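Subject: Structure handover

Hello,

Here is the structure I promised to pass on. Please open it beside this email, and my notes follow below.

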Amino acid sequence: MNKKVDNSALKNNNYEEDLEIKKVAYMQNPMQNILLYVLICLFCIMLGASIVFINSYYQKKVESNSLEKIEITTKKSNVIITNLGEIKETITKNSFVNKTDYTIEKINTMEIETKKDSEDNGIIKFNIIYDIYNNDFPRNEYATNDSDVLVRFSYSHDGAHWTYVNNVISTNESTLRPLMGNFYDISGLITKLKVVTNYELSSTPGEKVEMYWRSETTFKYNKNEKLNSNYKANFKIEYKSND
């Protein structure tokens, strides 16, 4: 006698099994998605950290290559001069993303420490020089604050409070007068700016005195110009003589 199989019961059982499988799959998929998002976030964080580290390393390498350190020791005092004022820049439109001015700041430092047993103050004499080697920007007939390239100089004894230089600066060929904001128009110039000459820094026996010198070179965006200009200069403290 043939036994008849209830196909409808089998179909119901298969349907219920499929439903359970789908439920399990549905519960697992969100977990997989969350895990995927976490992995993506971790990858982005690691990538960002790597980029920051590489940029920091490259910047330190560039700075170390352009750093000049001068140490002078005499019977009266010890002097350390650190120059980090080299500028090598190609100015393009990308230099002015979301801004009309692009400023490069350079700070050089010096310190003098007079020995405790010295009978006199320690003294160092120096010059502040801004030497321009390459300047592709056009020269202006008359100095103006709208110039393509401006520079200003300042000094400080604590690195926080600055006093701007506002005197006439001599060059190899002529002189430069300060404009509004203590800026000097240097567009197109290839020369040596003698910012200050025969300047003195001193300290009493047992005292250490520091001084900071800063240059701010500002390039201005000119829509009518095809920007792809090279600029090279070196801002430095030039040691003259000591005790």
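Where does Asn-98 lie? Asn-98 sits in the loop between S3 and S4. I come back to that residue further down.

Some ground rules come before the rest. This is a predicted model, where local features need pLDDT of at least 70, side-chain atom pairs count only at pLDDT 80 or more, and totals for chains, interfaces and linings use all residues. Residues are numbered from 1 along each chain as its sequence is written, and side-chain values use heavy atoms, with hydrogens and water left out.

**Overall layout**

The chain has 1 helix and 13 strands. Helices (H or I, at least four residues) and strands (E, at least two) are DSSP runs, numbered from the N terminus. Along the sequence the pattern reads α-β-β-β-β-β-β-β-β-β-β-β-β-β.

Of the 243 residues of the chain, 32% count as buried. Buried means under 20% relative accessible area, exposed means over 50%, and partly exposed is in between (1.4 Å probe, protein chains only). The accessible surface of the chain comes to about 16,000 Å². Carbon and sulfur atoms own 52% of that surface. These areas come from the Shrake-Rupley method with a 1.4 Å probe; for residues, only the protein chains shown count as cover.

Now the contacts, meaning heavy atoms within 4.5 Å. Among those between residues at least 6 apart in sequence, 75% join residues at least 24 apart.

**The core**

The largest nonpolar core has 38 residues. Such a core is a set of buried Ala, Val, Leu, Ile, Met, Phe, Trp, Tyr and Cys residues joined through side-chain atoms within 4.5 Å. Tyr-130, Phe-153, Ile-186 and Trp-213 have the most contacts inside this core. The elements that give two or more residues to the core include S2 (77–83), S5 (122–135), S6 (149–156) and S12 (208–220). S5 gives the most, with 5 residues.

Why is S6 largely enclosed by the rest of the structure? Because 7 of its 8 residues are buried.

Strands pair if DSSP finds at least two bridges between them. S6 and S12 run antiparallel, joined by 8 bridges. There, Ser-154 has Arg-214 in S12 as its bridge partner. S6 and S10 also run antiparallel, with 2 bridges. Val-151 is paired with Tyr-184 in S10.

S7 (residues 163–164) is joined to S6 by 2 bridges, again antiparallel. Ser-154 stands opposite Tyr-164 in S7. S6 and S7 form a hairpin with 6 residues between them. Gly-159 in that turn has a positive phi of about 80°.

**Aromatic rings**

How many aromatic pairs does a search of the whole structure find? There are 12. Rings of Phe, Tyr and Trp (its six-membered ring) pair if their centres lie within 6.5 Å; planes under 30 degrees apart count as stacked, over 60 as edge-to-face and the rest as tilted.

Tyr-130 and Phe-235 make a tilted pair, 6.3 Å centre to centre with 50° between the planes. Tyr-130 lies in S5 and Phe-235 in S13, so the pair ties together parts that are 105 residues apart in sequence. Both Tyr-130 and Phe-235 are buried.

Phe-137 and Phe-219 have ring centres 5.6 Å apart and planes at 35°, so this pair is tilted. Phe-137 lies in the loop between S5 and S6 and Phe-219 in S12, so their pair ties together parts that are 82 residues apart in sequence. Phe-137 is buried at 4% relative accessibility, and Phe-219 is buried at 0%. Tyr-102, Phe-137, Phe-219 and Tyr-231 form one aromatic cluster.

Arg-214 lies over the face of Trp-162, 4.2 Å from the ring centre. (The test: NZ of Lys or CZ of Arg within 6 Å of the ring centre and within 35 degrees of the ring normal.)

**Single residues to look at**

Val-209 lies in S12. Val-209 counts as buried, at 15% relative accessibility. Its contacts include Met-110, Ile-112, His-157 and Leu-201, not counting residues up to four places away in sequence. Val-209 and Glu-113 are 96 residues apart in sequence and 6.4 Å apart in space, C-alpha to C-alpha.

Back to Asn-98. Is this residue buried or exposed? Asn-98 is exposed, with a relative accessible area of 81%. Its phi is near 60°, a positive value in a residue other than glycine. Most residues other than glycine have a negative phi. Asn-182 also has a positive phi, near 65°. Asn-182 lies in the loop between S9 (175–176) and S10 (184–185).

Best wishes
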